[in-house]
Amino acid sequence: MIGPLNHIGIAVPCIEEAVKPYREIFGITDITEPKALPAQGVRFAFVNLPTGQVELIEPYGDNSPIEKFLQKFPKGGQHHMCFEVEDIYAAKAHVEAQGATVLNEPRIGAHGTLVIFIHPKNFSGTLIELMETPKHTECDKD
Ligand code: CO
């Protein structure tokens with residue numbers, strides 16, 4: 001049921017500051033421009049690596065879930081990890097049938113596909129995101 005590890009989500013107080021060590025220490029140049037995702041209360045950018053991505057997420061707007069995380073970890077830290085699935089509704093039904101707690105109804109995530117989050121209590125304290133694998137077509141411009 002579970003596909004590739006897509007990204008590791010890192011909560012940060014400021015994306016512009018957070019990308020610096022990836023550029024300056026690691027020399028990575030393939031980093032996306034920050035974008036807001038108001039529905040989820042986050043601003044995000046992806047550091048692109050050959051094997052996957054680091055997703056930097058910053059609070060956006062009022063009541064951002066990232067704000068609470070940063071109150072506990074003011075310098076930022078690992079927030080979640082994300083695996084790809086073929087069908088988010090089938091994945092939700094499956095993990096719930098196994099007794100895991102899904103925190104939200106499927107909604108559009110940072111990659112433009114549907115995502116759900118699984119409660120950290122089910123994975124040794126790690127928040128898990130599941131996202132539908134983006135379907136690329138001939139018409140894709142990115
Ligand atoms: Co994510």
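1. Basis. This is a predicted model in which local features need pLDDT of at least 70, side-chain atom pairs count only at pLDDT 80 or more, and totals for chains, interfaces and linings use all residues. Residues are numbered from 1 along each chain as its sequence is written, and side-chain values use heavy atoms, with hydrogens and water left out.

2. Cobalt site. His7 (NE2), Glu55 (OE), His80 (NE2) and Glu129 (OE) coordinate the cobalt ion at 2.1 Å. Donors here are N, O and S atoms within 2.8 Å of the metal (3.2 Å for Na, K and Ca), and sites may look incomplete because water is not among the atoms. The donor residues follow the spacing H-x47-E-x24-H-x48-E in sequence. Glu55 is in strand S4 (residues 52–59) and His80 in strand S5 (residues 77–85), so this pair ties together parts that are 25 residues apart in sequence. Helices (H or I, at least four residues) and strands (E, at least two) are DSSP runs, numbered from the N terminus.

3. Geometry. The angles among the four donor atoms of the cobalt ion run from 86 to 174 degrees, and the site is irregular. Four donors count as tetrahedral if all angles lie between 85 and 135 degrees; four count as square planar and six as octahedral if opposite donors are over 155 degrees apart and all others between 65 and 115; anything else is irregular.

4. Strand S5. Of the nine residues of S5, seven are buried. Buried means under 20% relative accessible area, exposed over 50%, and partly exposed in between (1.4 Å probe, protein chains only). Both Glu55 and His80 are buried. S5 runs antiparallel to strand S1 (residues 5–11), joined by six bridges, and pairs in the parallel sense with strand S8 (residues 127–132), also over six bridges. Two strands pair if DSSP finds at least two bridges between them.

5. Strand S8. Six of the six residues of S8 are buried. Leu127, Glu129 and Met131 point one way, while Ile128, Leu130 and Glu132 point the other way. In a regular strand the side chains alternate between the two faces of the sheet. Strand S7 (residues 114–118) is joined to S8 by four bridges and runs antiparallel to it; Phe117 has Glu129 as its bridge partner.

6. Asn104. This residue sits in the loop between helix H3 (88–97) and strand S6 (107–108). Asn104 is buried, with a relative accessible area of 11%. Its side chain reaches the backbone oxygen of Val115 at 3.3 Å, and a polar atom of that side chain lies 2.8 Å from the backbone nitrogen of Phe117. Leaving aside neighbours within four places in sequence, Asn104 is in contact (heavy atoms within 4.5 Å) with Lys92, Val115, Ile116 and Phe117.

7. Helix H1. Ile15, Ala18, Val19 and Tyr22 are buried in helix H1 (residues 15–24). Seen down the axis of H1, these buried residues fall within an arc of 95 degrees, so they line one face of the helix. The arc is that of the directions from the helix axis to the C-beta atoms. Their cover includes strand S3 (42–49) and S4. Val19 has 9% relative accessibility and touches Ile31 and Leu56, not counting residues up to four places away in sequence.

How values were computed
A polar contact is a pair of N or O atoms within 3.5 Å; within protein, one must be able to donate a hydrogen and the other to accept it, and residues adjacent in sequence count only if both atoms are side-chain atoms.
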